[in-house]
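Subject: Structure for you to look at

Hi,

Here is the structure I promised to pass on. Please open it beside this email and follow along.

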Amino acid sequence: MIRIAQLSCGSEYSGVQGELEKAAEMVGAELVFPEVSLEDVRNVEERFGIKVASGDLNLAMARATRIVENPDLADAVFVATCFRCAEGAIVRSEIRKYIHENSRIPVLSYSFTERTTAETLLTRMEALVTTAKFKGLLARERQTGLTAGIDSGSTTTKAVVMRDNEVIGTGWVPTTEVIKSAEDAYNAALESAGVKKEEIQGLGTTGYGRHLVGKEFGAKLIQEEITVNSKGAVFLADAQRGEATVIDIGGMDNKAISVQDGIPGTFTMGGICAGASGRFLELTARRLGVEITELGKLAMKGDHQKVPMNSYCIVFGTQSLVNSLSAGSRPEDVAMAACHSVAEQVFEQQLQEVEVKEPVIMVGGTALIEGLPRAMEQLLGLKVMVPEYAQYIGCVGASLLVSGLVED
Amino acid sequence: MVKVMVYPPTSMILADLVERTGHEALVVSKEVRKKVNTPGLDSPPLNMTPEDPKKGLKYAAVDVPSGVRGRMSLLGPMIEEADAAIVIRGDDCTLGCTGCARTNELTRFLLKTKRIPLLELKYPEDEFQAKQFVHKIREFLEGLN
Amino acid sequence: MKSTKYVVTSQDSDVLPSDIALKIYELGREINVKETCFGVIIDGDEEEIEATVKEIRAMDPSNIFIKDRGFPPGDPRRCRGHRGGGARPGFYMMQHESEILPLISRGLDAEAKGEEVPPEIGTKKRPSLEEMEEMIKEEFS
């Protein structure tokens, strides 16, 4: 049983403690509360570096120091505080950094409301458990044999076939019916690789539809996106050793992951609104009358500062878009403003919750919209790398990881 | 007999002193007891559910963190019921029901603005302070009769 | 209605938790008693508990303290053995206040004896500008 140490404030009183426990149980883990003494809580300033007004946050920090002193107490750490609590957000972030810097224990940081359910937390908990449980598998750096990966995403379904550490075939279709789309993408990948389905030694699935697709195709590995994307990103960016940051702006949610030696350290998943997702860029492309594949190139010629754009809501964002066009803004400026708006929300909401260390690798289909990584570079003041096959990142990660299971 | 809310609402010292003088101490454990004994509710450990922070909307707006509103759903009815209150200030061991500083501030504010007899004091640190502490509380409680 | 209470003894008390448990057994009421490091937890019908509390308090009025408890003793929803270890928050509060109990006991003793209450120590006064100037001169000369 994987032990996840819960360092939190407010979960019981928000009525969500049961949901946290349920999510942990669903992924084969249990929540534990490291023992600390009253003295540990009283002396938290000396031990951790700060004492705050809310006692339960001091207790959470005291528990963090216990874990760092005795890493055998937990396999993973879940730090959670109430959404909209400034004091909680500061402490949550400091605990995350403290654990990350002083131990090799994976950390998940989350802010909940009374509406948080076990289902919302499931993918995050699954990633946390995988990271803690399969360190050996995740340490794998080379793909061997002939394997495939399918990423059944909310907007698109992707597939790759890999042989001896090389991508030899790819397939990409918009997601309609989950299984049908997976089949189409997989067949396209097999065809472009020139291999038959029967020859594939192992298949890995990821993405929203991973369980359904995995079951249908007899996958050897069914894995959430945090783990496979981290692995796929560092593999394709040739950054398997040392630190890295992976940013994936998806169709429905975004992921920001601090990676150490190819293994997720801290990560966040989510996004306040569709305003910070691939959907908004799709909508922008449609409104500008260009293909989504052309939006990036158009944006590269534009200046985001010429168009005010609301980055917190797809409805208001679209309104800004329409208003600026009717006010005579140039399409290239609007395109760049849209990219900047999405990047800005990810930067403000999620990149503050992880350690941003170079190389910064942007993956997923949205990374190919050139304006988006450029906007991210401007915000971070760092170079952003977009590896080849960035849109197939989940498939590559799944294919790489499943080859480890085939060998075993 | 007067209903005296004590704060921290988990304080054994305050509850005990109140009940010694024949008054009723309003303490959070009685609220928790109601919750844990509610049949059909199964949301351990406190049997609080997402409905509780919604009940807390009576005391704090929706943009106040859920943990504050959830705690207020326990403490709010006690504040309403209170005829008097004794509040410890400046204590550094506040956990659980008093683990959130914002909730503590809001509770103190609501008790103050309710304009009921209110005694605020600090935990004693030496024997002199302890004698004053016990004496002040006794005087306050006897004055409520 | 059921009621659960902690009976806690101050460190200065000569009464042991086992003495309290024995007393309750002697009373012959239908009350569950669980000894803990702080004292005992008693659980039973509200009226019986109230009556018992009075008798226990009489054993050492200045050194025995009573507190309500939300959960019945050993409730798996709160028991750390069932819930991933770590003390429940109430435990820390109990420990914190237990450290102050000997002082409270002395306060209660003094009240019982009708001792005069010690005068309040005057609040600290800020030094005047002249005094401050003098201090700075002394320190930096």
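Two residues are in contact if their C-beta atoms, placed from the backbone, lie within 7 Å. Keep that in mind for the interfaces below. One caution as well: this is a predicted model.

**Where chain A meets chain B**

By that rule, the contact takes 23 residues from chain A and 25 residues from chain B. Which elements of chain A give two or more residues to this side? They are α1 (17–26) and α4 (55–69) of chain A. The top contributor is α4(A), with three residues. Sorted by class, the side of chain A that touches chain B holds eight nonpolar, eight polar and seven charged residues.

**Where chain C meets chain B**

Here the contact takes 30 residues from chain C and 31 residues from chain B. Three elements of chain C each supply at least two residues: β1 (2–9), β4 (64–68) and α3 (89–113). Look at α3(C) in particular. It gives the most to the side of chain C that touches chain B, with 15 residues. By class, this side of chain C has 16 nonpolar, four polar and 10 charged residues.

**A closer look at β4 of chain C**

Is β4(C) enclosed or open? Five of its five residues are buried, so β4(C) is largely enclosed by the rest of the structure. For this count, a residue is buried if 20 or more other C-beta atoms lie within 10 Å of its own. Both faces of the strand are covered. On one side, I64(C), I66(C) and D68(C) are buried. On the other, F65(C) and K67(C) are buried too.

Now find the strand's partner. Strands of a sheet pair through backbone hydrogen bonds, either parallel or antiparallel. β1(C) and β4(C) pair in the antiparallel sense, over five bridges. To see one bridge, go to K5(C): its partner in β4(C) is D68(C).

**Chain B on its own**

Chain B touches both of the other chains, taking part in the contact with chain A and in the contact with chain C. It has six helices and four strands. Along the sequence they follow the pattern β-α-β-α-α-α-β-α-β-α.

How does the radius of gyration of chain B compare with that of a compact globule? With 145 residues, such a globule would have a radius near 15 Å; chain B has 16 Å, which agrees. Its C-alpha atoms fill a box of roughly 45 × 30 × 30 Å along the principal axes. Of the 145 residues, 53% count as buried. Take the contacts between residues at least 6 apart in sequence: 55% of them join residues at least 24 apart.

**Domains and a sheet in chain A**

Chain A is divided into domain 1 (2–133) and domain 2 (146–226 + 393–407). The domain centres, taken over C-alpha atoms, are 34 Å apart.

Chain A also has an open sheet of five strands, in the order β7-β6-β5-β8-β9, with mixed pairing. Its edge strands are β7 (166–174) and β9 (221–222), and each pairs on one side only. Strands β5 (146–152) and β8 (202–206) of chain A pair in the parallel sense over five bridges. In that pair, G149(A) has G204(A) as its bridge partner. Helix α8 (178–193) of chain A packs on the sheet and touches β5, β6 (156–163) and β7. Its direction makes about 145° with that of β7(A).

Best wishes

Notes
Residues numbered from 1 in each chain as written. Chains lettered and ligands numbered in written order. Predicted model: local features only at pLDDT ≥ 70, side-chain atom pairs only at ≥ 80, totals over all residues. Domains from an automatic or database assignment. Rg over C-alpha atoms; globule rule 2.2 N^0.38 Å. Buried ≥ 20, exposed ≤ 12 C-beta atoms within 10 Å, placed from the backbone. Pairing = 2+ DSSP bridges. Axes fitted to C-alpha atoms, helices over the stretch in contact; angles between N-to-C directions. Nonpolar A, V, L, I, M, F, W, Y, C, P; charged D, E, K, R; others polar.
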